[in-house]
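Here is a short tour of one protein model. Look at its sequence and fold below, then read on about its salt bridges and pockets.

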Amino acid sequence: LYEQLTQTWDHLFATYDESTLMWLGTFIIHEVTYFGCSFLYWVCERIPYLDRWKIQTEKPPTQAQYWNCLKKTLVAHVLLQLPMMVLFTPTMLRLLGMSTATPFPSWRSMALACFGSAVVEDIYFYFIHRLLHHPRIYKYIHKVHHEHAAPFGMAAEYAHPIETVFLGIGTLLGPIFFVRHLATLWVWLVVRLLQTVECHCGYDFPWSPNRYLPLFGGAEYHDYHHRTFLGPYSSTFTFMDTLFGDQPPLLGRSR
């Protein structure tokens with residue numbers, strides 16, 4: 001499998017324009033991961049057995065909410081995120097000297113790069129997110145995201161365009177320090193999307209990562225924020241909320 005992947009990668013970059021492959025690959029990976037993961041949680045909503053792990057059982061998302069979210073996130077992806085990828089992905093890779101050559105970085109180096117990027121993103125996200133909750137700003141920007149007091153997976157990127165831009169910057173900050181290969185950047189993108197969809201999914205399953213990973217927030221942790229409009233403000237971990245006194249009360253199953 002590794003050899004086939006390497007051969008396919010080499011063929012693509014030998015045949016097609018590198019810049020085009022960079023932004024197009026980024027966009028395709030983003031869409032497939034985001035909507036693919038969101039679809040799995042949509043399926044969960046249709047399996048009554050899984051309701052025992054639903055966090056807000058009294059507020060199931062409606063078909064109208066799903067349809068509205070799908071339309072608006074697709075528009076945002078095509079009209080906002082895609083142009084950002086076209087402009088910044090090839091430029092960032094060139095400025096940072098990122099490689100597209102094989103062999104790929106080791107899984108260990110990719111894992112460390114993803115962890116470092118997640119920490120940087122989490123710190124940045126905390127401060128921007130808390131700023132967006134300032135009373136003078138909230139109703140103009142972040143209120144859009146909080147239309148879903150009981151979040152579901154696809155609602156993760158349902159946001160005002162200004163919020164999309166500023167929080168998206170956080171996803172790029174970590175790679176500036178830790179990523180030096182396009183493949184690692186794409187792995188980080190997948191990890192970040194899986195994380196943000198999971199923490200908005202509305203379920204606290206026995207296999208949820210917050211049950212096994214120290215300092216990982218998870219769905220129940222972030223769901224409290226959507227339910228109360230108070231802290232926590234972090235995206236992935238819990239250490240920033242602990243440091244600044246924004247930890248929620250002791251939560252149900254996982255804490």
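Is Glu45 buried or exposed? Glu45 is buried, at a relative accessible area of 18%. Buried means under 20% relative accessible area, exposed means over 50%, and partly exposed lies in between (1.4 Å probe, protein chains only).

This is a predicted model, where local features need pLDDT of at least 70, side-chain atom pairs count only at pLDDT 80 or more, and totals for chains, interfaces and linings use all residues. Residues are numbered from 1 along each chain as its sequence is written, and side-chain values use heavy atoms, with hydrogens and water left out.

**Salt bridges**

Side chains of opposite charge can pair when their charged atoms come close. A salt bridge here is a side-chain nitrogen of Lys or Arg within 4 Å of a carboxyl oxygen of Asp or Glu. The whole structure holds five salt bridges.

| Pair | Closest N to O |
|---|---|
| Lys54 and Glu45 | 2.8 Å |
| Arg192 and Glu121 | 3.0 Å |

The salt bridge between Arg192 and Glu121 links distant parts of the chain: Arg192 sits in helix α7 and Glu121 in helix α4, 71 residues apart. Helices (H or I, at least four residues) are DSSP runs, numbered from the N terminus. Arg192 is buried at 11%. Glu121 is buried at 0%.

Arg227 and Asp223 both belong to helix α8, residues 219-228. They are four residues apart, so about one helical turn separates them. Arg227 is partly exposed at 34%, whereas Asp223 is buried at 2%.

**Pockets**

A pocket is an open set of points on a 1 Å grid over the protein atoms alone, where a 1.4 Å probe fits, with protein on both sides within 12 Å along at least five of seven lines; lining residues have an atom within 4 Å of a point. Its volume is the space filled by probe spheres set on the points.

The largest pocket has about 480 Å³ of space. It is lined by 19 residues, and those closest to its centre are Leu5, Trp9, Ile29, Ala183 and Trp186. Helix α1 gives the most to this lining, six residues. By class, the lining has 17 nonpolar, two polar and no charged residues. Ala, Val, Leu, Ile, Met, Phe, Trp, Tyr, Cys and Pro count as nonpolar, Asp, Glu, Lys and Arg as charged, and the others, Gly among them, as polar.

The second largest pocket has a volume of about 340 Å³. Helix α7 gives the largest share of its lining, six residues.

Key. Helices (H or I, at least four residues) and strands (E, at least two) are DSSP runs, numbered from the N terminus.
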